[in-house]
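Q: Please take a close look at a single part of this model. I would like one connected account.

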Amino acid sequence: MFRILRLLFRPLEFTGHGGYFELLKLAYPLILMSASNVIMQFVDRKLLAHLSSVDMAAAMPAGILYFTLFCLFLCACGFTSTIVAQYHGAGNHRAVLSSVWSGVYFALGAGLIITFIIPFFGRFLISFGGHSSDLYWREIAYFSGLIPSGVFACLAAPFFSFFSGQGRTMPVAVVNILACVLNIFLDYAFIFGWGPIPGMGIYGAGLATSLCAMLSFLMILSYFLMQKQQRFPTRSNRLPQWEGVVRLMRYGIPTGVQVAFDCGAFTLVSFTVGILGSDQLAAHTIALSINNIFFIPLLGLSDATSILVGQYIGRAKHGIAGKVAYRSWRTSMLYMLIGGLVYLVFPRELAGMFSPAKDDGTFQAMVGLASWLLTAAFLFNMSDTMKFIFTAGLRGAGDTRPIMLISISCAYLLMVPGVLIIVYIFRGNVVWVWAYLTFTATVEGLLILLRFRSGKWRYIRMIKP
């Protein structure tokens, strides 16, 4: 036991290539960026909770549904960072730029689909949710306000990838943090009204997010064009390569499909929880909102893992790339253990942060349910950590199709059918649902770990040497 600990904590593990210090240096701006995004969502739901518990409850399924419908394109565009990371590791600057512009042209096509097709498809799906009329109209309003944000997010993703793929994660973090801070102020103004801006309720929350996505895109585009032209001629070299677009579709679309189907399954779960009533859906929303805050470092760490794995694969150092993933997993497990203890000790205090301005007595019942859900979330996070980190490692290598198949199989052959059986046949409550979600997360995490340990990702050649 002590010999294993000495090996895990020897100086080389911290200061060597792909060590903890290099990983955390790359990850901490991404963690700050994820924190700003999650805090923005938290404030969004906190402000909506001041309107009513129904507004807060409606934001969760509508927001997840919207992300599910456009994340296929967003994740495909965002996969540009993995391609850039490998080319950067190989020292090919010209290919870095062509990969970015290939992502931009792909994003333009995605923007047309998001603008003209997704709105009709989303409203059609919401109408089949079976929710009360109060929930239904609020979900429609929030969904409509979010629509432009997907277009700008896709357009910005390749430009963000230019910096993050090279390990320059601080500009990415700064732009996102500025946009999120602005979104908090716009949320308040658009939800409740301020000066000449009329109060628009839950629709205003979605519209504020879209405006900030547009500003984020304009900021990162401007910074991209201001780069030193001797090294990266970003203003003159704007032609993509068809080979780059094909590569992005070949490796990026499976990533987008995996995330879309994964989110789609969770959307079905959230809508199914809505069948249990607005109180249980509100408790579900509270628990997810709190859990998102504790999940922040994992999101940044997984992105950093994918980038660093891609860079070392570009340098043909697959052994170091594998060590990066395991070091990232150990780091995230330690964090999740600490966060889980907070869940177990202060569950009611955490849930109480979402109390409405006027409580008619129903909120205390929601707090009780949310406390049980946070206990389940502690176990869920330990399993989900394995899934996120090793998925990031496989993605950095371009091994995206097996992840897609594992994720879709676990979601639609295990998770969704089980939740439907719990709700419709056994008449269980939301606590039963979360316990079952923990079980499915464990199964999926173990399958992805086995795929990573198989080593097949070492033989994938995503870019030319």
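Q: What span should the 32 residues of helix α8 have at 1.5 Å a residue, and how far apart are its end C-alpha atoms?

A: This is a predicted model, in which local features need pLDDT of at least 70 and side-chain atom pairs count only at pLDDT 80 or more, while totals for chains, interfaces and linings use all residues. Residues are numbered from 1 along each chain as its sequence is written, and side-chain values use heavy atoms, with hydrogens and water left out.

Helix α8 covers residues 133-164 and should span 46 Å; its end C-alpha atoms are 44 Å apart, which agrees. Helices here are DSSP runs of H or I with at least four residues, numbered from the N terminus, and the expected span is 1.5 Å times one less than the number of residues. At Ala-157, α8 bends by about 30°, and Pro-158 follows within four residues. The bend is the angle between axes fitted to the seven residues ending at a position and the seven starting there.

Of the 32 residues in α8, 23 are buried, meaning under 20% relative accessible area with a 1.4 Å probe and protein chains only. Glu-139 belongs to this helix. Glu-139 is buried without a salt bridge, and Arg-138, the nearest side chain of opposite charge, is 9.7 Å away. A salt bridge needs a side-chain nitrogen of Lys or Arg within 4 Å of a carboxyl oxygen of Asp or Glu; for charge, Lys and Arg count as positive and Asp and Glu as negative, with His and the chain ends not counted. Leaving aside residues up to four places away in sequence, Glu-139 touches Ala-58, Pro-61, Ala-62, Ile-126, His-131 and Phe-271, where contact means heavy atoms within 4.5 Å.

Note on methods
Helix = DSSP H or I, 4+ residues; strand = E, 2+ residues; numbered from the N terminus. Buried < 20%, exposed > 50% of the residue type's maximum accessible area, 1.4 Å probe, protein only.
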